[in-house]
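Thanks, everyone. I will take a few minutes on charged side-chain pairs, and then we can move on. Please have a look at the model first.

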Amino acid sequence: MSSRDDILVQLRHSTPEEEAYPDLNESWTTYPDQIVKFQESVAGVGGHAVRLDSGVDLTETITRMEVYQATKKVASCSTHTRIENVSLDNISDPHALEDLDLFIADGSIGVAENGAIWLTDEKIPHRVALFITQHLILTVESRCIVHNMHEAYQQIATVRPGFGIFISGPSKTADIEQSLVTGAHGARSLTVFILD
Amino acid sequence: MTTKSHDHAAKAKQFISNPEKAHWHDEALWFIREKRDKQVHSLPEWERLRELASQIKAHTISKLGSYLVAFEEQATALGAQVHWAKDGEEHNRIVHGILKNHGVQRVVKSKSMLTEECHLNPYLEKQGIEVVDTDLGERIVQLRHEPPSHIVLPAIHIKKEEVGELFHEHLGTDQGATDPDYLTEAARHHLREKFMEADAGITGVNFAIAETGGIVICTNEGNADLGVSLPKLHIACMGLEKLIPRMEDLSIFIRLLARSATGQPITTYTSHFHGPIADGELHIVLLDNGRSALRLNRAFSEALNCIRCGACMNTCPVYRRSGGHSYSATVPGPIGSVLNPVQDAGTYHSLPFACSLCGSCTDVCPVKIPLHHQLLALRNHIRLKGHLAWGKKMTMTLAAGVLGSPFLFRFFGALARRVLKTFPGLMNNRFNTWGKQRDLPTPPVTSFASWYKKNRRGDGA
Amino acid sequence: MSVGLFIPCYIDQFYPDVGIATLELLEQFGVKVDFPEGQTCCGQPMTNAGCVDDARPLAHRFLHLFKAYDYVVAPSASCVAMVRHHYESHLGNHPDYESLKVKTYELCEFLVEVLKVETLDLSFPYRVGLHESCHGLRELRMGQSSELVGTAFSKSRQLLELIDGLEITTLKRPDECCGFGGTFAVNQEAVSCMMGLDRVADHEQADTQVLTATDMSCLMHLDGLIRRQKKPIHVMHIAQILAGRKPAEVTA
């Protein structure tokens, strides 16, 4: 008998009475303006959210950023901007992204309650770019900002094999005497562009 | 018989012998409790979330076998490989086997209390494999050759001066440097090298989804993701109880987890893995190690709800003033004081008594484990297993004898009062533990019962 | 209505005035109070020490003595919590246990819920620190604990607020445990006393003149620390304040 068999026998033996699965349909907190709340939440977690009016050029806006001007290596998997001098498509070994300074990607959902952005690696050949980059820029369309995690998970309905992530703010730690330090291992900064 | 090394009271006393440090530790953790309060009070539906989470867990645990089989099926269909380990020893052999097959020499590991429970690091190191813990707090305690003192904040007991000294020795930072930004930056560079060199990444699992075969890992630092996105081999270690039925359930648990743990609305990274990375391998190791047995122990099975948030530790007035190491266990604090003695009453019998039964842990637990009631019940359980000190048992039997008889009660009560009044200094001796820092009550002349007899009986009341 | 008065063992022996104040207070409201002889202890010390079997005869004694009354009132949240929550294994099958659970009240609960006290003709011009005992708060739910999300309330505070001149002080940690915990006070003396001293320090910074609570066990521990430290804080059980005693009259 394998351990699997042993464990399953133990789990089927003297089964405790089955407890019902609860109904999760309840009314959850929503906000008068989820886009404003989203911006506040992003700031609250140490990120920087900027709402771009339609017609404003994202590429142009990025080039004027201090973070961009200091970069040497920038890559983009965003459909809204092709600004880059490193192409993830041309890289076979993700280790080559060690010196990536700035990475730009598109999020598909923004969550007002916690400033989180959901994205998958569908359009990102090397997901490590999200974490190895010194600075991260994510975009999210304003119509894709939901109030809370319940609404977000309702949308993440069809699961495809691969990788999906909620990113809320830059990498951080408080492991040294509870002092908050931004940029522990991942991105030192997160800028979110809310697109109309 | 309590061995000195597992006696919480003795270790707590030692911790408090440095009252400045004990107060500092207490304030540090209370600060996190306050952050938690601020976050949860901003959600009017908080108690509803807790209730639903506990119901989802109760349901899942009642059908754990079928959900695990479903999870295995789905995960395997996605290309992951699922392994089953009945105890820590087997877990370590499985993990080592996978690493050996791939010729792995250097591993990076993100925070996993389960791997601590199995003592994986020393096992792998003995086999010649380098294991680097990449969570900053974990790396700090790893360099100090000590276990973490908290399941979420491993280095909460360490001052920045001590980190400065440690990093000066191991990372070459400036002597005397204590600035957290500077020290973290040094750790960032040091660990980046380790991520770049690693042959494999080992992680824990926060939640495993039965319906999709996916696993979810939450971090603030991004170390788990870095660790498994560079090397092609990812080994994820999880306890059987980490399972939840559906993706939708995450909406409840993700809202509860970080708020309870650190007072954040969500961790920076909440990564959902479905199958291995392209051209890579994902191995999921399921560990039992007493969990299936605990499930059948109805008095304590709710402890399986635990999502390892650490909120009970942050709020526990005893943990805050004694530190995680006083519990001599991988998982300390209130939840550890249930899990450890249930599995091994002989070694951990002091833990349920390391508790004033205040109930704060129960009220903060996001999955509503009735911790303080379980701790009380465990005391009886420990007595039944024969691990209660004979002296304690005898005292209680004698006390019950006296208190069971009104005559004896009044007799001994009056005697005690008279003796204390006549010889007030009698109690000023080293056997009087109560009197070390507290005065005794001034013994009154009469008891209530005598007063009542004199002043009210037959009074037509 | 007939009320059976339960006086905890250590109050009977060491703090009889708390029992007297409770009795006088209830009589002030016209309640017919009886103190059944033969009562001793609710069995908490044994249960807390893990000696549940030793508490069984005490549980049976309690039921036997009190089952005939309309209500049972005790100036102790922890004893009431023992009766309502932890007698199941001793009295679970007994036909009178269900009604005993429902009719056993801590003093402040009784005043608020049954007697519906809305005014008190009292003056107590002191700054009062209210120590919310853990049993009262998290077992009997006499108030909202700070961990939970919901509307704040506190039955003991509600009563104190009816008293003229009484000012309730603001603590940094409104409901942290005092550290008594029964045998914990002795078996974990170092932690117990640090917890207690931290509570005392909180009351000091809050400018508390009189420290009160629903449980004499907490107060015995805090008072012991206060007197050893020679702090100028008076300790009074809430029954004594509600019955009209003044700090100078109460010698702990």
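This is a predicted model. Over all chains, the structure holds 57 salt bridges. I will go through a few of them.

Start within chain B. The side chains of B:Arg291 and B:Glu241 form a salt bridge, with 2.8 Å from N to O. This pair links distant parts of the chain, the two residues being 50 apart. B:Arg291 sits in helix α13, residues 291-296, while B:Glu241 is in the loop between β7 (233-239) and β8 (243-244). Are these two buried or exposed? B:Arg291 has a relative accessible area of 8%, under the 20% cut-off, so B:Arg291 counts as buried. B:Glu241 has 5% and is therefore buried as well.

Next, a pair across chains. B:Asp363 and C:Arg141 meet in a salt bridge at 2.7 Å, N to O. B:Asp363 belongs to helix α18 (residues 360-364) of chain B, and C:Arg141 to the loop between α9 (134-139) and α10 (155-160) of chain C, so the pair joins two chains.

Within chain C, C:Glu147 forms a salt bridge with C:Arg138, and their closest N and O atoms are 3.0 Å apart. Both C:Glu147 and C:Arg138 are buried.

Last, a network. Which residues are linked in a network of salt bridges? From chain B there are B:Asp26, B:Glu27, B:Arg320 and B:Arg321. From chain C there are C:Arg173, C:Glu176, C:Asp198, C:Arg199 and C:Asp202.

That is the end of my part.

Key:
Residues numbered from 1 in each chain as written. Chains lettered and ligands numbered in written order. Predicted model: local features only at pLDDT ≥ 70, side-chain atom pairs only at ≥ 80, totals over all residues. Heavy atoms only, no water. Salt bridge = Lys/Arg side-chain N within 4 Å of Asp/Glu carboxyl O. Helix = DSSP H or I, 4+ residues; strand = E, 2+ residues; numbered from the N terminus. Buried < 20%, exposed > 50% of the residue type's maximum accessible area, 1.4 Å probe, protein only.
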